[in-house]
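I opened this structure to look up a few things for myself. These are my notes, in the order I took them.

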Number of protein chains: 2
Amino acid sequence: MQELKWTDAEKKVARKVFDAALDAELAEILAEFKSRAAKATEPEEMWSVEEYLNARRKHIDTKYDYRYSQLILLFGNLLREGRISEADLRGLSPEKIDRIRRFAFM
Amino acid sequence: MQELKWTDAEKKVARKVFDAALDAELAEILAEFKSRAAKATEPEEMWSVEEYLNARRKHIDTKYDYRYSQLILLFGNLLREGRISEADLRGLSPEKIDRIRRFAFM
């Protein structure tokens with residue numbers, strides 16, 4: 001796939017979409033973590049929270065890769081997951097939006 | 001250090017002391033974990049709970065080693081930490097108690 005150029009304006013849009021999606025996903029994990037911790041009454045449950053956090057951290061670190069070469073893929077995933085909408089992508093070039101849509105629904 | 005022989009009766013005492021100390025230490029970690037999780041409002045605090053649990057799990061796994069060759073050392077540590085008392089060791093041979101005491105207060 002040919003490398004796309006990102007204008008400064010597009011970089012601003014991308015950063016905003018990226019940060020908002022990451023914050024929202026972290027907030028979900030935080031809520032789930034607090035709920036599991038509050039329910040835990042046995043050491044086993046505590047160690048399973050540790051495993052949960054470890055897996056989520058690795059998942060987040062891999063998924064949220066802010067290299068311009070990876071953003072199309074990430075935004076495609078986020079669109080498929082319903083974490084962002086096409087409206088959030090307003091300001092990106094039609095070619096980028098088209099590629100994101102194709103990743104999302106392929 | 002010469003290998004000590006453990007009678008069946010001593011093994012029972014050792015198992016009881018070991019399990020009670022481990023349960024108590026796990027209960028402390030569980031309480032601390034729940035308290036930290038309840039206070040967490042930011043993802044950073046959640047990841048620091050993960051680090052806390054990871055370190056505690058490694059500590060517990062290393063410390064609570066139920067090999068007879070290691071029990072004297074463990075019980076010495078537990079005695080020094082105030083997690084067990086000499087009364088808990090009743091039923092072990094005077095030589096074992098003496099070695100545990102020496103480990104504890106050396």
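**Entry 1: a pair in one helix.** I began with A:Glu32 and A:Arg36, which are four residues apart in helix H1 (residues 8-39) of chain A, so about one helical turn separates them. Helices here are DSSP runs of H or I with at least four residues, and strands are runs of E with at least two, numbered from the N terminus. The two side chains form a salt bridge, with the closest N and O atoms 2.6 Å apart. I count a salt bridge when a side-chain nitrogen of Lys or Arg is within 4 Å of a carboxyl oxygen of Asp or Glu. Side chains of opposite charge can pair when their charged atoms come close. I noted A:Glu32 as partly exposed, at 31% relative accessible area. A:Arg36 is partly exposed too, at 33%. The scale calls a residue buried under 20% relative accessible area, exposed over 50% and partly exposed in between, using a 1.4 Å probe and protein chains only.

**Ground rules.** This is a predicted model, in which local features need pLDDT of at least 70 and side-chain atom pairs count only at pLDDT 80 or more, while totals for chains, interfaces and linings use all residues. Residues are numbered from 1 along each chain as its sequence is written, chains are lettered from A and ligands numbered from 1 in the order in which they are written, and side-chain values use heavy atoms, with hydrogens and water left out.

**Entry 2: a pair across elements.** Next I looked up A:Lys63. A:Lys63 forms a salt bridge with A:Glu81, the closest N and O atoms being 2.7 Å apart. A:Lys63 lies in helix H2 (residues 43-63) of chain A and A:Glu81 in the loop between helix H3 (68-80) and helix H4 (94-105), so the pair ties together parts that are 18 residues apart in sequence. I found A:Lys63 buried, at 12% relative accessibility. A:Glu81 is partly exposed at 42%.

Entry 3: B:Glu95 is partly exposed at 43%. B:Arg99 is buried at 9%. Back in chain A, salt bridges that share partners join A:Glu25, A:Glu28, A:Lys63, A:Glu81 and A:Arg83 into one network.

**Entry 4: the core.** Which residues touch the most other members of the largest nonpolar core? I listed A:Phe33, A:Phe75, B:Phe33 and B:Phe75, out of 68 residues in that core. A nonpolar core is a set of buried Ala, Val, Leu, Ile, Met, Phe, Trp, Tyr and Cys residues joined through side-chain atoms within 4.5 Å. H1, H2, H3 and H4 of chain A and of chain B each give two or more residues to this core. I then followed B:Phe33. Leaving out residues up to four places away in sequence, B:Phe33 touches A:Phe33, A:Ala37, A:Ala40, A:Met46, A:Val49, B:Val49, B:Tyr52 and B:Leu53. Contact means heavy atoms within 4.5 Å.

Entry 5: H2(A) and H1(B) pack at about 50°, with their axes 10 Å apart. Axes are lines fitted to C-alpha atoms, for helices over the stretch in contact, and angles run from 0 to 180 degrees between N-to-C directions. That makes H2(A) oblique to H1(B). Under 35 degrees counts as roughly parallel, over 145 as roughly antiparallel, 65 to 115 as roughly perpendicular and the rest as oblique. A:Pro43, A:Met46, A:Trp47 and A:Val49 of H2(A) make the contact with B:Leu26, B:Ile29, B:Leu30 and B:Phe33 of H1(B). I also checked H1(A) and H2(B), whose packing angle is about 50° with axes 10 Å apart. There A:Leu26, A:Ile29, A:Leu30 and A:Phe33 meet B:Pro43, B:Met46, B:Trp47 and B:Val49.

**Entry 6: a lysine.** Is A:Lys96 buried or exposed? At 3% relative accessibility, A:Lys96 counts as buried. I placed A:Lys96 in helix H4 of chain A. Beyond its neighbours within four places in sequence, A:Lys96 is in contact with A:Leu4, A:Lys5, A:Trp6, A:Glu10 and A:Ile72.
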